[in-house]
Amino acid sequence: MIKHIFTLIWNKRRKNFLLFLEIFLAFAVLFAVFTFAVQSFRSYSSPLGFDTEDNWIAFMEWDQDLDSTALLDMKLRLERELEDKPQIISAAYVGNITPFSGSTWSTTTDDNGFELSTRLVEGDEDYLETAGVNVIKGRHFNEDDYNAKYQAIIFNQLLVESTFGDKPVLDSVILLNGEKKVVGIIDHFKYMGEFSEEANLTVSLKPKSSRDLGNLQMRLAPGTPADFEAEVNRTISEITKRNDFIIQNLDTERIEESRDTWVPLIASLCICAFLIINVALGLFGVLYYTISKRRAEIGLRRTLGATKAVISRQFVGEVLLVSGAALLIGIFFAIQLPLMNVMDIDDINYYLSIGFTSVLILSVVLLCAFYPSRQAANIHPAMALHEE
């Protein structure tokens with residue numbers, strides 16, 4: 001039976017080549033889109049690690065003529081007056097690396113005897129609590145850390161697992177642009193966005209007087225109306241004597257940042273759906289045409305004793321063999337991407353995409369081949385031979 005199917009496929013190799021090419025191209029397109037989709041959804045499935053709802057950030061420029069004492073006094077006054085408002089639960093100063101800003105700061109060092117690569121975020125002692133970041137080991141920063149021998153830092157769990165493994169890290173002194181002490185470990189902090197891949201991260205404590213902490217993040221009480229922004233705007237303007245600042249709602253920024261991925265992702269999946277429909281219609285057309293041209297062969301085989309099940313399996317087998325050959329060629333080329341590390345994508349994304357694409361195409365092929373093959377099996381041998 002199998003030898004017979006291979007012979008039939010080879011004898012019709014020119015016609016089958018078009019089906020082969022259609023399946024191969026469909027695999028290539030679906031694999032590319034599914035790789036993007038799998039990577040996006042796997043990143044999206046991991047939590048941000050901080051709160052965006054009821055969180056605002058004021059991006060400010062401070063007067064360069066102010067000395068450090070005057071700057072600190074102004075910052076403390078601004079923070080105090082804002083926290084005195086019942087709508088504001090807490091406020092904290094943060095550096096230029098803020099959620100959804102698109103900015104990032106990375107460093108790599110081997111001063112510890114091993115490579116330590118991490119992104120850096122700076123904030124005052126209240127920053128992580130204001131942002132709603134969860135500390136799973138150790139503690140948050142506190143004011144005592146300013147007088148400590150070593151500058152306090154907090155790692156995320158990914159950095160600990162990827163760099164230190166099972167070794168104890170808490171309360172260790174690490175060489176990272178100077179001697180730093182690890183006082184806590186957080187679980188997640190994907191400040192680049194919901195669809196970004198989580199990276200090694202270090203949060204460094206900086207004093208409020210530092211000019212590096214130029215932005216103010218505010219945690220608002222739930223249900224605070226949007227028009228409260230005008231009051232915050234007035235307070236900042238009166239204290240800083242400047243109007244060149246911007247207040248951004250983190251939840252709005254999150255939605256806008258995610259939209260940049262959702263739009264092309266949905267568009268790509270719609271194109272894939274259209275492609276699958278066209279492949280299905282093409283398979284239906286090819287099979288019906290093949291059946292109409294092979295009625296005499298089907299009638300003869302039925303006369304010689306072939307059952308309906310045998311005829312049905314023959315047509316399904318022919319389509320599966322051609323499709324399977326196209327898939328094997330497609331998988332061969334697709335698997336070169338993770339092996340050669342062509343792009344900075346986790347290998348698991350490629351393998352999942354190969355699996356999803358193969359299963360989808362084989363499912364479509366089986367569904368499209370089932371009904372025409374049943375129609376072929378139901379052809380009466382006497383009618384087929386009479387027509388011939």
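Is Arg77 buried, partly exposed or exposed, and what is its relative accessibility? At 38% relative accessibility, Arg77 counts as partly exposed. The model is predicted.

**Packing of H3 and H6**

- Helix H3 spans residues 68–83 and helix H6 spans residues 228–240; their axes lie 10 Å apart at an angle of about 155 degrees.
- Angles over 145 degrees count as roughly antiparallel, and H3 and H6 are therefore roughly antiparallel to each other.
- The crossing of H3 with H6 is right-handed.
- On H3 the contact is made by Met74, Arg77, Leu78, Glu81 and Leu82, and on H6 by Val232, Thr235, Ile236, Ile239 and Thr240.
- Sorted by class, this contact has six nonpolar, two polar and two charged residues.

- Arg77 and Glu81 form a salt bridge through their side chains, at 3.2 Å from N to O.
- The two residues are four apart in helix H3, so about one helical turn separates Arg77 from Glu81.
- Glu81 is partly exposed, with a relative accessible area of 31%.

**Other salt bridges**

- Asp145 and Arg139 are joined by a side-chain salt bridge of 2.8 Å, N to O.
- Asp145 is buried at 8% relative accessibility, whereas Arg139 is partly exposed at 32%.
- A salt bridge also links the side chains of Asp212 and Lys206, at 2.9 Å from N to O.
- Asp212 is partly exposed at 40% relative accessibility, while Lys206 is buried at 17%.
- Glu79, Asp124, Glu125, Asp126 and Lys208 belong to one network, joined by salt bridges that share partners.

Terms used:
Residues are numbered from 1 along each chain as its sequence is written. This is a predicted model: local features need pLDDT of at least 70, side-chain atom pairs count only at pLDDT 80 or more; totals for chains, interfaces and linings use all residues. Side-chain values use heavy atoms; hydrogens and water are left out. Axes are lines fitted to C-alpha atoms, for helices over the stretch in contact, and angles run from 0 to 180 degrees between N-to-C directions. Angles under 35 degrees count as roughly parallel, over 145 as roughly antiparallel, 65 to 115 as roughly perpendicular and the rest as oblique. A crossing is left-handed if the near helix is turned anticlockwise from the far one by less than a right angle, and right-handed if clockwise. Contact means heavy atoms within 4.5 Å. Ala, Val, Leu, Ile, Met, Phe, Trp, Tyr, Cys and Pro count as nonpolar, Asp, Glu, Lys and Arg as charged, and the others, Gly among them, as polar. A salt bridge is a side-chain nitrogen of Lys or Arg within 4 Å of a carboxyl oxygen of Asp or Glu. Buried means under 20% relative accessible area, exposed over 50%, partly exposed in between (1.4 Å probe, protein chains only).
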